[in-house]
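Me: I have a structure open and want to learn how to read it. Can we take it feature by feature?

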Amino acid sequence: MSSVFACVQTNCPADLAACQADAKCKAGLDCVMACQLCDLGCLMKCTSVVGTGNAANKQVSDCSTKFKCAPDMSACPVCGDGKCSPGENCPQDCKAAACG
């Protein structure tokens, strides 16, 4: 996630500063930065940290989308497809194997 953060720092410095100054937005940002790149479960938990209607979060999110800072999630492994792919953290697919 460090490449995502670097992109946001470069392209959205004012929005990032506003997010870091807002307690809920900063908590959500910290949560996202702790997630693995394709860990959708972790990323979804982070949305509940921020909640809905947070203006600072919307600004940094809109800016990161505009500059395509977010990773291409279509390249991420799919949980439940029967394959344990590199980087996957899916108990259904990776029961006996440690993927990474």
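Me: How many salt bridges does a search of the whole structure find?

Reply: Start with the general idea. Side chains of opposite charge can pair when their charged atoms come close. Here the search of the whole structure finds two salt bridges. Keep in mind that this is a predicted model.

Me: Which residue forms a salt bridge with K26?

Reply: The partner is D30. The closest N and O atoms of the pair are 2.9 Å apart. A salt bridge needs such atoms within 4 Å, so this pair qualifies.

Me: Why are K26 and D30 separated by about one helical turn?

Reply: Look at the numbering. K26 and D30 both sit in helix 3, and they are four residues apart, which means about one turn of the helix lies between them.

Me: Is K26 buried, partly exposed or exposed? And what about D30?

Reply: Under 20% is buried and over 50% is exposed. K26 has 34%, so K26 is partly exposed. D30 has 40%, so D30 is partly exposed too.

Me: Where does the side chain of K58 meet a partner in a salt bridge?

Reply: At D62, with 2.8 Å from N to O. K58 and D62 both belong to helix 5. They are four residues apart, about one turn of the helix. D62 has a relative accessibility of 43%, so D62 counts as partly exposed.

Me: How much space lies in the second largest pocket?

Reply: About 190 Å³. Twelve residues line the second largest pocket. Nearest its centre are C38, D39, L40, P77 and C79. Sort this lining in turn: six residues are nonpolar, four are polar and two are charged.

Technical notes. Residues are numbered from 1 along each chain as its sequence is written. This is a predicted model: local features need pLDDT of at least 70, side-chain atom pairs count only at pLDDT 80 or more; totals for chains, interfaces and linings use all residues. Side-chain values use heavy atoms; hydrogens and water are left out. On a 1 Å grid over the protein atoms alone, a cavity is a set of points where a 1.4 Å probe fits but cannot get out, and a pocket is an open set with protein on both sides within 12 Å along at least five of seven lines; lining residues have an atom within 4 Å of a point. Grid points are joined across faces, edges and corners, and a volume is the space filled by probe spheres set on the points. Ala, Val, Leu, Ile, Met, Phe, Trp, Tyr, Cys and Pro count as nonpolar, Asp, Glu, Lys and Arg as charged, and the others, Gly among them, as polar. Helices (H or I, at least four residues) and strands (E, at least two) are DSSP runs, numbered from the N terminus. Buried means under 20% relative accessible area, exposed over 50%, partly exposed in between (1.4 Å probe, protein chains only).
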